[in-house]
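Please look through the sequence and the structure below before reading on, and keep both at hand while you follow the report.

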Amino acid sequence: MTMSRRTFVQAAAAGAAAASILPPAAFGQSAAPLTRPIPSSGERIPAVGLGSWITFNVGNDPVRRDECADVIDAFFQAGGRMIDSSPMYGSSQPVIGYGLEKLGGQGKVFSADKVWTSSASDGLKQIERSRGYWGVERFDLVQVHNLVSWEAHLQTLFEMKASGQVRYVGITTSHGRRHDLFERIMRAHPLDFVQFTYNVVDREAENRLLPLAAERGIAVIVNRPFRRGALTQRLEREPLPAWAQVIGAGSWAQLVLKFILSHPAVTVAIPATTRVDHVRENVAAASGVFPDAKMRERMASYVHDL
Amino acid sequence: MMSDWWTYRPEDFLLFSPRTYWRTFELHNEALWPLHILTVAAGLAMVLLILRQPQQGRWIGVLLASLWVFVAWSFLWNRYAAINWLIVYLAPAFALQAFGILVTAFPPGGLTIQRRGVAGWIGLLLAVAGLMFYPLLPFLTGRPWTSAEVFGIAPDPTAIVTLGLLLAAHGRARPFLLVIPLFWCLFSGLTLWTMDDRWFWLPILAAVAVFVALGLRRLTRRPAS
Ligand SMILES: NC(=O)c1ccc[n+]([C@@H]2O[C@H](COP(=O)([O-])OP(=O)(O)OC[C@H]3O[C@@H](n4cnc5c(N)ncnc54)[C@H](OP(=O)(O)O)[C@@H]3O)[C@@H](O)[C@H]2O)c1
């Protein structure tokens, strides 16, 4: 649901009234999260996923592995599905595999992994190894990580898709890296997904990548929604503005996620976290009301001026 | 490793949180305790004996080489590599260092270690710092003391003590033996820096001390030549 300016003002009053009766942190108790369609298939997917860079790279430490499994459990319980990882992320893949095994989560997860090797011929082997770590029958999505050897890997992935070994194919980049090439690949190949960085302060993607994804019918995964945590840490030093209630954001993290998800071309945002309360808070951001275009501009300039 | 490596920044390669990094040391220490007492005692014994009289490098070489292999296997390969895939490529360098030390120390006169000269003194000071000061770092930095880095158990103090002893050593192969521990100190400093650790400069300082000591040795030698 998006809001016009008038409804925004009306909702502001209602929101302020509601704020006095709602418990302050009702994260995780909200309705099922918003889902968005994957344009190439029409399949719907919950709009907040779970990243795993750094947060799930805990090695063989059994205590930390269980903590990660708790995060995955809370994620599924809140209604989340997409988990994103890569062979670049150290032990994250086996740690996800451990969590899925422990929770019996193989059937719930939308598995989004990557291929990341400069050797064209190693791609298949690497994907197979990654699949083994996850313990899934097949990956839902495999993306070419940061466009490394993208031509060869895309060919492999399209062949895998044709033979049913993987359901969707994508490419990724982050923090503004190689957007020109990224755009060219988006134009030239039948991609199901693209993944790049987008948030209330890193808005470069609004110029070309997001509109192009919408035009070409490619699903968009947004990485680094919180600038690796630097954005939430910075914002948490400021009081949450009163108007955050109006768009249903109970925290800065939710406000940032609502900004991202309210872009019509975005399919899923994938914040990473080590904390059960944060994962609940993040998935809960994908429900309730969302800001409209005008409100989005106000949000961006508010954050910019802080 | 990648064709577009220049578009990466150091922090892109930081794959773990500081919490996970230090936890690796905690688990490692827990598994090996009380071996720490032995390794530090061995280190101190080396320094004390060198202070008393010049030592033939053989037994020191065997000891150091064993500790390099031990750290490579027990810490780098079995623990650190699980959270940092770069280590898979670096652990063999530790084994190579052990091999280098052995090969250098064995032939007669291969390595003589003594306290003579400014480099020797700086070296022994560095070794003592690696042995005694490094394990105390958690008390300064506020992390759990169980994450202490100890000579012969963790890579940084092992590299630093080795650098110190090598500074006090004489022998033609010595410069080659400095390369891997120096590289490790820089690598470790860079890792800590990407982790936003305020003490990232410590291993780098150790590397700088080596260059300063070598420079001073040159300067002090020149008038005699
Ligand atoms: N090129 C690529 O393909 C690429 C590049 C970058 C990222 N990615 C993917 O995108 C994912 C997300 O990006 P990222 O991990 O770099 O950064 P991010 O999601 O922007 O930030 C993660 C940080 O945000 C904090 N956080 C999470 N939820 C929070 C909340 N509700 N309130 C306050 N803080 C919160 C986490 O700390 P706590 O643990 O304390 O919650 C964590 O440190 C990655 O994990 C990865 O899967 C892909």
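Helix H2 (residues 35-52) of chain B packs against helix H5 (residues 117-133) of chain B at an angle of about 160 degrees, and their axes are 10 Å apart. Here helices (H or I, at least four residues) and strands (E, at least two) are DSSP runs numbered from the N terminus, while axes are lines fitted to C-alpha atoms, for helices over the stretch in contact, with angles that run from 0 to 180 degrees between N-to-C directions. H2(B) and H5(B) are therefore roughly antiparallel to each other, in a scheme where angles under 35 degrees count as roughly parallel, over 145 as roughly antiparallel, 65 to 115 as roughly perpendicular and the rest as oblique.

This is a predicted model, in which local features need pLDDT of at least 70 and side-chain atom pairs count only at pLDDT 80 or more, whereas totals for chains, interfaces and linings use all residues. Residues are numbered from 1 along each chain as its sequence is written, chains are lettered from A and ligands numbered from 1 in the order in which they are written, and side-chain values use heavy atoms, with hydrogens and water left out.

The crossing of H2(B) and H5(B) is left-handed, a term used if the near helix is turned anticlockwise from the far one by less than a right angle, with right-handed used if clockwise. In chain B, helix H4 (residues 87-105) and helix H8 (residues 174-194) pack at an angle of about 150 degrees with their axes 8 Å apart, and they are therefore roughly antiparallel to each other.

In chain A, Ile54(A) has a positive phi of about 70 degrees although it is not a glycine.

The ligand is the next topic. Among the 31 residues around the ligand, those that come nearest are Asn146(A), Phe226(A), Thr273(A), Thr274(A) and His278(A), where near means that a heavy atom of the residue lies within 4 Å.

| Residue (backbone N or O atom) | Distance to an oxygen atom of the ligand |
|---|---|
| Phe226(A) | 2.6 Å |
| Arg227(A) | 3.2 Å |
| Ala272(A) | 3.0 Å |

A polar contact is a pair of N or O atoms within 3.5 Å; within protein, one must be able to donate a hydrogen and the other to accept it, and residues adjacent in sequence count only if both atoms are side-chain atoms.
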